Amino acid sequence: MDSAKKQFDEANKRLNELRPKHQQAEIEFNKEQREYQQARESVERELEQAPELVRSREQHADAKKASDDEHRRVVAALKSQPAYQAALKAEQEAKQRHDSPAAKELSDDIRKTLAKEEFQATTAVRRLEEEAVRQDSAANAAHLREHEAGDELARLTKKREAAINGNSRVSSAKIAFEKARDNEQLAHREFLAVQAEVARSQRAYQFASAAFAAHEVQERQQQQTSRARSTRGRRTSRPR
């Protein structure tokens, strides 16, 4: 039992020694993480207002609006065509079948079939719209301008991200953050390992204590039994 108690005490002592180290590592990690985020957000705000990026966003928004307007114009013209009308009707009927209260009582396989039918009907409508847009020169040109404006915005956004990562303030803060993160993770692993050792040694100490107590109870019972037998023996040996 003494050995088990010694192991428990030693493990508990190591845990108490590690606790402030672990807490300090967490404090440093939170501090460096906050400073890294602040540095990054500060540089992001600065670069967010770069003239070429602002202009590209505006151009993409204008191009998208023009493309959407052309798309609506083409779809509005489609509504007078029988093929498109039939496709819209089929889509509506498929959606009603799939969303009807009765469909909820059907088997999974049947509901999957209804969902597939609705998807196919919607796809058929979209194909007619896309084909009409491709055949309309104004709508097709507007869609192409939107695509080009989107590519340019993506290029400038990627350039902005590279500038943020390459900024000296951000890179320095990132290095400090990653170092603090690694230290915190190491301290956390060490703390958990010693914490587990404390739990194991505590169980072993409790087991040893229980075994020792049981042994003492057994010895006392044996001593009491022995004394009782001795008393009875003296009584039976007295002369009558």
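**Exercise 1.** Which residues make up the largest nonpolar core? Note that the model is predicted.

*Solution.* Step 1: list the members. The largest nonpolar core holds 9 residues in all: Val74, Val75, Leu78, Tyr84, Ala87, Val125, Ala132, Val133 and Ala139. Step 2: assign them to elements. Helix H2 (51-78), helix H3 (82-99) and helix H4 (108-135) each give two or more residues to this core. Step 3: look for other cores. A second, separate core comprises 8 residues, including Phe29, Ala39, Ile164 and Ala173. Step 4: inspect one member of the largest core. Apart from neighbours within four places in sequence, Val75 is in contact with Tyr84 and Glu129.

**Exercise 2.** Determine which residues of H4 are buried and what covers them.

*Solution.* Step 1: the buried residues in H4 are Leu114, Glu118, Ala121, Val125, Glu129, Ala132 and Val133. Step 2: H2, H3 and helix H5 (137-166) are among the elements that cover them. Step 3: check the length of the helix. The 28 residues of H4 should span 40 Å at 1.5 Å a residue, and the end C-alpha atoms are 41 Å apart, so the two values agree.

**Exercise 3.** Classify alanine 115 as buried, partly exposed or exposed.

*Solution.* Step 1: alanine 115 is located in helix H4. Step 2: its relative accessibility is 30%, and therefore alanine 115 counts as partly exposed. Step 3: histidine 98 is 17 residues away from alanine 115 in sequence, with a C-alpha to C-alpha distance of 6.1 Å.

**Exercise 4.** Where in the chain is confidence lowest, and where is it highest?

*Solution.* Step 1: the average pLDDT of the chain is 87, and 90% of the residues score at least 70. Step 2: confidence is lowest in helix H6 (residues 168-237), with a mean of 79, and highest in H2, at 95.

Note on methods: Residues numbered from 1 in each chain as written. Predicted model: local features only at pLDDT ≥ 70, side-chain atom pairs only at ≥ 80, totals over all residues. Heavy atoms only, no water. Core = buried A, V, L, I, M, F, W, Y, C linked by side-chain atoms within 4.5 Å. Buried < 20%, exposed > 50% of the residue type's maximum accessible area, 1.4 Å probe, protein only. Helix = DSSP H or I, 4+ residues; strand = E, 2+ residues; numbered from the N terminus. Contact = heavy atoms within 4.5 Å. Expected span 1.5 Å × (residues − 1). pLDDT = per-residue confidence, 0-100.
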